[in-house]
Amino acid sequence: MKIITNHKITHDNYYQDTEYVTNSMLSKISEKSPLYLQHWLQNKPEPSAAMKLGSALHCKFLTPELYNKHWVKAPDVDKRTKAGKEIWENFISLHNKNQILTQSDSDTVECMSQSLSKNKNISKLFKNGQAESIVCFEDEITGMKCKCMIDYIIMSDVNKIIIDLKTTNDASNNFINSIFKFKYHKQAAFYMDAVGAEKYYIVAIEKSAPWAINVFQLGQESYFEGQALYRNELNLYADCKNKNFWPDYGHEFLGSVVEEKQITLV
């Protein structure tokens, strides 16, 4: 991977930009089809409640100085009444709806953040690093411009360590199933290859009391499996983009790419 330094990607335009490829974009290809990815890029949906909760936690814990600037708690009003409706409409006119938290979600973010901050092992892990680091790079195999926003990265003379913060309903060892279900190992390999990281930790925290926490380190076998997954997707994306051909379920993809993908998934 070749790091790109002269880019214009910022925290403000990161999610609007579609020139640089992200791991999430590549996942749309595997979830359904290249045609689905193209449609998604042209018609991006609003973030789900779960996505908003995760983003709010990241901001609260990783960049607390920015939390009150970007996130706001919704007023506790009865929108069925005239007065409540007026208060609500005035409130949403002043704030980005994608950065408004319900009373419940706001309390949940506060509790999760406190749980992380009070955990001595977690405090040691999130130390001497950089939060929410944007990395843009060129994939030297396909020539595609890519990007990622790393939750937390520690860069030393010895090695580079990436820490990923995830919310979950179950942070016990059952979370390992979630890692493969949601392909977090693919995301890990994509990020590790971008910066040449040697270690990748996932910090999982539960979204309900007592806000339990667990830490998982990506193993070498999982890394290679994740790398194969994103490589297949990125190769296919490059072919689709270069030929401006976005096949759906009924079309055959480029033979070599499909064959390699099928072997990987069997």
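Q: Why does Arg231 count as buried?
A: Its relative accessibility is 14%, and buried means under 20% relative accessible area, with over 50% called exposed and anything in between partly exposed (1.4 Å probe, protein chains only). So Arg231 falls in the buried class. Bear in mind that this is a predicted model, where local features need pLDDT of at least 70, side-chain atom pairs count only at pLDDT 80 or more, and totals for chains, interfaces and linings use all residues. Residues are numbered from 1 along each chain as its sequence is written, and side-chain values use heavy atoms, leaving out hydrogens and water.

Q: What makes Arg231 and Asp139 a salt bridge?
A: Their N and O atoms come to 2.7 Å, and the rule asks for a side-chain nitrogen of Lys or Arg within 4 Å of a carboxyl oxygen of Asp or Glu. So the pair qualifies. It links distant parts of the chain: Arg231 sits in helix H10 and Asp139 in the loop between strand E4 (130-138) and E5, 92 residues apart. (Helices are DSSP runs of H or I with at least four residues, strands are runs of E with at least two, numbered from the N terminus.) Asp139 is buried too, at 2%.

Q: How do you know which class Glu19 and Lys145 belong to?
A: Glu19 has a relative accessible area of 46% and Lys145 comes in at 35%, so both count as partly exposed. These two also form a salt bridge, with the closest N and O atoms 3.4 Å apart.

Q: Why is the pair of Tyr14 and Tyr15 called edge-to-face?
A: Rings of Phe, Tyr and Trp (its six-membered ring) pair if their centres lie within 6.5 Å; planes under 30 degrees apart are stacked, over 60 edge-to-face, the rest tilted. Here the centres are 5.1 Å apart and the planes stand at 80°, so edge-to-face it is. Tyr14 is buried at 6%, whereas Tyr15 is exposed at 54%.

Q: What makes Lys147 a charge over the ring of Tyr14?
A: Lys147 lies over the face of Tyr14, 4.3 Å from the ring centre. The rule wants NZ of Lys or CZ of Arg within 6 Å of that centre and within 35 degrees of the ring normal.

Q: How do you know where the buried residues of H2 sit around its axis?
A: In helix H2 (residues 34-42), Pro34, Leu37 and Trp40 are buried. They cover an arc of only 115°, taken from the directions from the helix axis to the C-beta atoms, which puts them on the same side of H2.
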